[in-house]
Amino acid sequence: MKRAALGPLTLCPVTTAPDNSLILDAVRRVWGFDDLRPLQARAIELAVAGRDGLVVLPTGGGKSLCYQAPPLVTGRLTVVLSPLIALMRDQVRGLELNGYPAAALHSGLDAEEARATVARLRAGELKLILCAPERAVNPGFKSLLAELADSGRLGAIAIDEAHCISQWGHDFRPEYRRLRELREVAPGVGMQAFTATATPRVREDIVRQLGLRDEHGALVVPMVGDFDRPNLTYRVRARRGDGAEQASEAIGAMHERGEGGAIVYCMSRAKTEELAGKLRAAGHDAEAYHAGLNPDKRHGVERRFTNEQLDVVCATVAFGMGIDRSNVRLVAHANLPKSVEAYQQEAGRAGRDGLEAECLLLTAPGDSVRWRQLIERSAGETGASDDSTAAQIELLNEMQRFAGTLVCRHKALCEHFGQAFTKESCGACDVCLGETESEPDGQRIAQMILSGVARTGQSYGAGHVVDVLRGSGSEKIGRAGHDRLSVFGLMKDRRKAEVMAFVDQLVAAGALEVGEFRTLRFGARGAAVMRGEETVRLGLPMGTRSAGSERPERRSRASSELEARPLSVEEKRLFESLRALRKSIAEELGAPPYVVFSDATLRELARSRPADTRAMLRVKGVGPAKLEQFGEAFLAAIASG
Ligand code: ADP
Ligand code: ZN
């Protein structure tokens with residue numbers, strides 16, 4: 001994992017601190033949350049003060065509140081740019097149910113609907129407008145924004161999924177580049193950017209591209225939240241065949257634990273169809289989801305998944321952004337993702353409600369070769385620069401290292417995003433749970449690899465050293481005379497991917513280090529391991545056992561103490577009946593269930609069994625607007641349940 005240029009973890013002080021209690025009041029009143037999370041408070045203060053900022057929070061970290069709350073305090077409109085058209089409508093419904101006037105503008109609206117929304121904007125009826133980036137930069141919308149800004153009614157411009165602006169990121173979208181034009185349209189208005197996935201380099205790029213500046217005119221220091229998601233369990237497994245059987249087992253295990261949805265990410269459209277077919281044949285309720293579907297079918301899958309009428313979606317990674325629901329209990333990858341950022345974001349769709357969820361990554365040696373071909377082909381087609389292609393390949397290498405290295409997955413992810421992870425064991429990944437296949441011959445293998453590095457003069461990259469050890473007959477080896485070394489062919493019975501993974505593990509263990517031009521040389525512990533004075537443990541992700549089977553004991557790690565305690569049989573029955581009630585209300589409203597109440601809220605209702613509206617209001621996620629609409633029905637269900 002690259003650890004260069006650690007991102008700043010501290011927050012920049014907000015000089016003009018507005019009255020925090022006003023913000024808290026609004027948040028309690030509208031959303032029924034007790035408190036703001038630490039970074040939310042700072043981000044909201046910043047936006048209320050009209051300043052620029054970049055907020056980096058993991059999925060589920062609560063970014064939306066950061067741009068939804070300020071208009072309630074300032075009384076001015078926030079414009080939110082987001083690429084996720086599929087999710088806009090749900091967000092608007094959720095806000096409306098809280099009594100918060102919001103709307104969306106995107107290509108899915110007909111001319112009449114769009115006109116009506118613009119009229120509401122002009123009339124000052126809305127506090128928040130969600131808008132697709134390509135729409136925001138069209139001349140008509142720009143002049144509307146200018147008009148709102150000039151009359152002092154525009155409070156903030158928020159940019160969601162801001163990593164899309166950077167070509168160093170994993171989801172570069174050219175239309176995002178033009179968003180900086182909005183700065184000229186609304187010069188005095190603060191702009192806040194939000195992303196769940198940004199390495200230090202991407203962060204810097206976002207700040208620069210959008211010209212985000214503090215009150216002294218300096219580029220802003222990003223505000224970076226806690227990246228660990230303790231409620232997620234990460235597992236990496238060697239894939240058997242196309243992984244259908246392993247995915248099916250994991251889905252089965254998920255159902256045994258309770259209700260919830262699963263997303264299975266695949267590399268191609270054809271694979272999503274194939275896998276969905278196999279999962280259906282195995283008795284699961286599964287559908288494919290990709291950009292090649294006709295819009296009706298696609299929206300149908302989105303709707304049914306968010307409405308909890310469909311359990312499993314097999315999606316292409318390129319298109320999986322539009323599917324979301326807060327109680328996704330399993331995210332499986334049928335292939336190696338193309339970067340750690342992409343992995344973190346996709347896996348991050350699991351457990352957004354803070355309750356436990358599984359992330360299963362299936363990988364086989366051919367995956368990275370296929371990605372490489374795709375990256376190179378797409379560079380050939382789009383004429384992308386060599387720099388950008390090299391950056392993509394480096395991102396892929398990092399991902400490969402993540403999968404092959406046996407350090408705690410939570411730790412590796414945190415460190416990738418520039419954060420320290422100090423816990424000894426996370427208790428929630430294959431490595432810490434001892435589910436990896438330890439290599440019995442580890443010490444000897446370590447010594448063979450170290451010899452390979454020593455004999456080739458500590459001046460070649462991993463690929464070459466591994467080729468020498470495996471006795472491959474490349475021209476480069478012949479030219480260097482390395483086929484005459486005693487180490488040549490010493491590891492010919494091992495697969496290349498395996499030896500590469502061992503090299504990465506030796507780097508992680510400090511026995512090797514990567515020097516200039518990616519050459520391998522001895523690390524601090526190298527000589528001692530070579531002499532057998534120190535031992536290293538090598539291993540591989542579990543290849544034989546499947547993810548769902550033999551779940552070892554582990555402590556529960558939901559977000560709060562209360563949420564962590566499992567429901568009693570009694571409470572579980574009530575929870576299920578509240579879920580049924582929620583579903584029927586949602587159907588009546590034509591909205592997904594989670595916009596009515598989240599699973600976390602239902603659980604708390606089942607536990608605390610409020611007897612009246614006052615008690616119900618104390619439950620997290622219940623605000624006055626929802627209380628008024630749904631309170632009676634839920635209280636009745638609780639009283640009779
Ligand atoms: P993100 O956009 O960062 O992925 P969301 O904004 O969707 O995250 O929030 C994730 C979940 O956390 C939602 O269910 C939301 O209701 C909940 N949440 C956000 N802020 C708070 C808070 N201050 N207190 C309690 N729950 C919160
Ligand atoms: Zn761990």
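This is a predicted model: local features need pLDDT of at least 70, side-chain atom pairs count only at pLDDT 80 or more; totals for chains, interfaces and linings use all residues.
Local features need pLDDT of at least 70, side-chain atom pairs count only at pLDDT 80 or more, and totals for chains, interfaces and linings use all residues. Residues are numbered from 1 along each chain as its sequence is written, chains are lettered from A and ligands numbered from 1 in the order in which they are written, and side-chain values use heavy atoms, without hydrogens and water.

User: What arrangement do the four donor atoms make around the zinc ion (ligand 2)?
Analyst: The donors (N, O and S atoms within 2.8 Å of the metal, or 3.2 Å for Na, K and Ca) are SG atoms of Cys 408, Cys 426, Cys 429 and Cys 432, at 2.2 to 2.4 Å. Four donors count as tetrahedral if all angles lie between 85 and 135 degrees. Here the angles run from 105 to 118 degrees, so the arrangement is tetrahedral.

User: What spacing do the donors of the zinc ion (ligand 2) follow along the chain?
Analyst: The coordinating residues are Cys 408, Cys 426, Cys 429 and Cys 432. Along the chain, their spacing is C-x17-C-x2-C-x2-C.

User: Which helix gives the largest share of the shell around ligand 1?
Analyst: Among the 15 residues around ligand 1 (a heavy atom within 4 Å), Asp 35, Gly 60, Lys 63, Ser 64 and Arg 352 come nearest. Three residues of the shell come from one helix (a DSSP run of H or I, at least four residues). That helix is H3, residues 63-68.

User: How far is an oxygen atom of ligand 1 from an N or O atom in the side chain of Lys 63?
Analyst: Polar contacts are pairs of N or O atoms within 3.5 Å. For Arg 37, the side-chain distance to a ligand 1 oxygen is 3.4 Å. A polar backbone atom of Gly 62 is 3.0 Å from a ligand oxygen. For the side chain of Lys 63, the value is 2.8 Å.

User: Is Val 189 buried or exposed?
Analyst: Val 189 sits in the loop between helix H10 (181-185) and strand E6 (190-195). Buried means under 20% relative accessible area, exposed over 50%, partly exposed in between (1.4 Å probe, protein chains only). At 9%, Val 189 is therefore buried.

User: What is phi of Glu 308 near?
Analyst: Glu 308 lies in the loop between helix H14 (295-306) and strand E11 (312-316). Most residues other than glycine have a negative phi. Glu 308 has a positive value, near 65 degrees.

User: Is Gln 458 buried, partly exposed or exposed?
Analyst: Gln 458 is in the loop between helix H19 (442-455) and helix H20 (462-469). Its phi is positive, near 50 degrees. At 35% relative accessibility, Gln 458 is partly exposed.

Key: Four donors count as tetrahedral if all angles lie between 85 and 135 degrees; four count as square planar and six as octahedral if opposite donors are over 155 degrees apart and all others between 65 and 115; anything else is irregular. Helices (H or I, at least four residues) and strands (E, at least two) are DSSP runs, numbered from the N terminus. A polar contact is a pair of N or O atoms within 3.5 Å; within protein, one must be able to donate a hydrogen and the other to accept it, and residues adjacent in sequence count only if both atoms are side-chain atoms.
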